[in-house]
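Have the structure open as you read along.

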Amino acid sequence: MDVRERVEDRVPPEDVESNEARHNSQVLVETDAAAVDRLEGAFPTRGVPVMVLTGMLGAGKTTLLNRILQSPEHGLRVAVLVNELGEIDIDSQLLDVEQPEVDVEGAAAIRLSNGCICCTINNSLVEAVKRVLNMGERPPDYVVIETTGVADPAPIVSTLQESELDDHVYVDHVLCVVDAYHLLEPEYDTVAGRSQMQHADTILLSKVDLLEGAEAVQRVVERVLAGKPNARILQASRGHGIPLRLLLDVPGRRRVSKSAPHVHVDGEACACSTEPSSPSEHLTLDGFVSVAFECREQPLVLSRFRRDFVSRLPPEVYRAKGLLWFDGYPLRFVFQLCGRRFQVEQDEWPAGQPRKSQMVVIGRRLDREQIMRMLLSCIRGDEQR
Ligand SMILES: Nc1nc2c(ncn2[C@@H]2O[C@H](COP(=O)(O)OP(=O)(O)OP(=O)(O)O)[C@@H](O)[C@H]2O)c(=O)[nH]1
């Protein structure tokens, strides 16, 4: 809404000019989120639109991102920034760009590893966004920043809006992907997950294909609305089922508020901070532990992986993802586990790269040594050479 239109509601037309400045300064000190949003919306947007793509571990962010990269329907040249938590970066290897860090067929990807951009690497975020804007012959039409599964989007939005980037990009959208299949389970109620939903402009329910019937979907929608009344909710299955234009650079969408206050799903006082916190604090807030495993020397043995790892995983494991090299199998195995469901797919090894196994396991209060022992026991030993 235009500021002048709002002022005209309240004062005679001849007083508009003189009242406009006063009106603005009153709104700026207001704590009412709706008023702040209206003021933000009154400014013209500049630069390249950016989506902050958030959502809990395994919610379906990378799947949606691949759908965006693979779809010509939106007609936009999209660049992506992927932030991984651990020292091993699986996600950017699963994106549909041939080589991260290189401009490929209209899509560019930059990975930001080993730290969460909402708390530790804000300077890197500024640098990476600048790099992605300068990567091709011309800037991309749209940038998507995929956050880690435990990130709080608020500090990321602040960095984009309050740093030197404000002249080059604007926050088009905070999109939170929510795993509809797991949302109602008690262990999926996390501080990070609630904060992500509260800061989102749109909530995209993923995995609705795993729910049985419209009533099951409705129960999930009601849970979301209980915590965030008037939420804009869309649903998708593996990123399909929604016109991407509803997600990308919608003309006239408001800019994301810099300071929208938020309330949690259960109504409790907000404990989320928009101030940077230390990475360990950030993970331990929900009791998450991350274990990273890599083996380049030897392949794994598939039967042992099934018996000693998959079937013995403790219930505390929330998420696991791996790119695995199995003895006797020419293809790469992509292992994905979310909650109690896992999926294994095979694809080609990237050309020119040595084979190796990489796995990240994330869970609440995990016993790191136990997980590491389980994985080490899958490595092919001397007796099998
Ligand atoms: N059935 C079904 N599976 C899905 C859907 N979306 C994602 N998945 C699967 O869920 C798993 C995790 O998906 P990702 O896209 O990697 O999730 P993510 O949010 O990027 O995960 P993190 O990187 O750990 O935060 C993969 O096995 C996906 O194939 C969906 O809509 N339906």
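This is a predicted model: local features need pLDDT of at least 70, side-chain atom pairs count only at pLDDT 80 or more; totals for chains, interfaces and linings use all residues.

With Gly60 the backbone takes part: one of its polar backbone atoms is 2.9 Å from a ligand oxygen. The ligand on its own would expose 650 Å², and the protein buries 94% of that.

## The shell around the ligand

If you want to look around the site, the ligand is surrounded by 23 residues, and the closest are Lys61, Thr63, Arg238, Arg319 and Lys321. Sorted by class, the shell holds eight charged, nine polar and six nonpolar residues.

Domain 1 (48–276) and domain 2 (287–384) each supply at least three residues to the shell.

## Two residues with positive phi

Most residues other than glycine have a negative phi. Lys207 is not a glycine, yet its phi is positive, at about 60°. You will find Lys207 in the loop between β7 (202–206) and α9 (213–227).

Arg365, again not a glycine, has a positive phi of about 50°. Its place is the loop between β13 (357–364) and α12 (368–376).

Which of the two is buried or exposed? Lys207 counts as buried because its relative accessible area is 16%, under the 20% cut-off. Arg365 is exposed because its relative accessibility is 63%, over the 50% cut-off.

How values were computed. Residues are numbered from 1 along each chain as its sequence is written. Side-chain values use heavy atoms; hydrogens and water are left out. A residue is near a molecule or strand if one of its heavy atoms lies within 4 Å of it. A polar contact is a pair of N or O atoms within 3.5 Å; within protein, one must be able to donate a hydrogen and the other to accept it, and residues adjacent in sequence count only if both atoms are side-chain atoms. Accessible areas come from the Shrake-Rupley method with a 1.4 Å probe; for residues, only the protein chains shown count as cover. Ala, Val, Leu, Ile, Met, Phe, Trp, Tyr, Cys and Pro count as nonpolar, Asp, Glu, Lys and Arg as charged, and the others, Gly among them, as polar. Domain bounds come from an automatic or database domain assignment. Helices (H or I, at least four residues) and strands (E, at least two) are DSSP runs, numbered from the N terminus. Buried means under 20% relative accessible area, exposed over 50%, partly exposed in between (1.4 Å probe, protein chains only).
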